[in-house]
Amino acid sequence: MSPRTRLGLVAFGLAGLAVLLVAACLRLPGFGGDSHPYGDRAVRESLARHTANTIASVNFDQRAFDTLGEMTILFAAVVGCVVLLRQTRDEHRARPRPADVAPPVRRYALIVLPIALVTGLYVIAHGQLSPGGGFQGGVVAATSLHLLYLGADYRALERVRPVGLYEVGDAVSASAYVVTGLAGLIGGTAFLANTLLPYGTFNTLSSGGTVPLLNAAIGMEVACAVVVLLARFLDQAVEIEEESGT
Amino acid sequence: MRAVMDVLPYLVAVWIFLAGCYGLATSRNLIHAVGCLSVCQSGTYVLLLAVGYRDDATAPVFSDVEPGSRPVVDPVVQALALTDVVVGATVTALLLALVIQVAKRHGTVDPDELSELRG
């Protein structure tokens, strides 16, 4: 197919799609309207279970089973990347040479690293109270480690980041989520039903039943997953080289 | 004016989605195509958050807001947007890994030059 006919076909298809989508938009409830039946119910249920952050309650209590699926997607993507980005037969590893870093960059990275790490852990720990949670905090904590790559060099990063350990951590935290769900079955309720633990005092760290536990498992899983993913991509960029002459 | 504001955020989402689709269809570089897919997905974030918005409302987090004192935006779609972001990020990572392999095996990232199959 020539580029011209293809462009014509795309324009035709997109125009049709645009007409359908705009027609659908015109029938949607007005922006900023007051009718949110599901939202109101979610807020009521979340307050009944002493979870201050309603979004954490939706993710780890009301829709905990969907979050299990979401976590499985993340886990499968990490496994897929590890398989795709492995070292193949016609490649070899080269030790990267230590690189010079501009002093201001080094200073800034090393000052921000501990702050970013603590911020990430704080966001995970307070997931059921304040905006944030395991997903967001995990990403912050995992990327904070990589400031060492910017501030020092690749070898320093490798010393604080044994990838094997993080791969195990990824699997352990994924299982921790399932085990917390199974604990409900053993306790005589349902899988991932948040009725096992006491709900605690509203707006304290231990409130919300199993929400903080699932949140922590997700935080650890996301942090490990991001570390493993970035490690694989960095390996490709920094370490793995093609054999010359093949 | 009110009638325009009622649908404008939805139309913005549609526009972002269609812009991403156009980029995907006309892309000459696989990394660019992965970026376009992310643009498509950004359209869905805008749509979800627009559906959940409520006038003069605050975030559905009650650590510093007295429950019932103010209207809050819809938490269900916000949780869906979070799911959307996570899935989008993992899909992007997986696709970029595939692009790296394609570039290694075929020496090109132009989808038009990848027409023949190779074992």
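**A two-chain predicted complex**

Residues are numbered from 1 along each chain as its sequence is written, and chains are lettered from A and ligands numbered from 1 in the order in which they are written.

**Confidence**
- For the complex, the predictor gives an ipTM of 0.86 and a pTM of 0.89.
- Chain B has a mean pLDDT of 89, with 97% of its residues at 70 or more; pLDDT is the predictor's confidence in each residue, from 0 to 100.
- Within chain B, confidence is lowest in H1(B), with a mean of 91, and highest in H2(B), at 94.

**Chain A**
- Chain A has 10 helices and 2 strands, counted as DSSP runs numbered from the N terminus (helices: H or I, at least four residues; strands: E, at least two).
- Along the sequence the order is α-α-α-α-β-α-α-α-α-α-α-β.
- The radius of gyration of chain A, taken over C-alpha atoms, is 23 Å, whereas a compact globule of 246 residues would be near 18 Å. That globule rule is 2.2 Å times the number of residues to the power 0.38.
- Its C-alpha atoms fill a box of roughly 65 × 55 × 40 Å along the principal axes.
- Of the 246 residues in chain A, 35% are buried. Buried means 20 or more other C-beta atoms within 10 Å of the residue's own, exposed means 12 or fewer, and partly exposed is in between, with C-beta atoms placed from the backbone.
- H1(A) is hardly covered, with a buried count of 1 among its 25 residues.
- An unreviewed UniProt entry places "domain: Na+/H+ antiporter MnhB subunit-related protein" at residues 106-227 of chain A. That span is 70% helix and 0% strand, and its end C-alpha atoms lie 21 Å apart.

**Chain B**
- Chain B has 3 helices and 0 strands, so the pattern reads α-α-α.
- The radius of gyration of chain B is 20 Å, well over the 14 Å that the globule rule gives for 119 residues, so chain B is more spread out than a compact globule.
- The C-alpha box of chain B is roughly 65 × 35 × 15 Å along the principal axes, and 29% of the 119 residues are buried.

**Where the chains meet**
- Chain B puts 40 residues into the contact and chain A puts in 42.
- On the chain B side, H1 (2-26), H2 (30-52) and H3 (75-106) each supply at least two residues, and H3(B) gives the largest share, 15 residues.
- That side of chain B divides into 29 nonpolar, 7 polar and 4 charged residues. Nonpolar covers Ala, Val, Leu, Ile, Met, Phe, Trp, Tyr, Cys and Pro, charged covers Asp, Glu, Lys and Arg, and the others, Gly among them, are polar.

**Positive phi**
- Most residues other than glycine have a negative phi.
- Asn203(A) has a positive phi near 70°. Asn203(A) lies in the loop between H9 (163-186) and H10 (211-239) of chain A and is partly exposed, with 17 other C-beta atoms within 10 Å.
- Asp56(B) has a positive phi near 55°. Asp56(B) lies in the loop between H2 and H3 of chain B and is exposed, with 8 other C-beta atoms within 10 Å.

Technical notes. This is a predicted model: local features need pLDDT of at least 70, side-chain atom pairs count only at pLDDT 80 or more; totals for chains, interfaces and linings use all residues. Two residues are in contact if their C-beta atoms, placed from the backbone, lie within 7 Å. UniProt positions are given in the numbering used here, feature names are shortened, and annotations may be inferred rather than shown by experiment.
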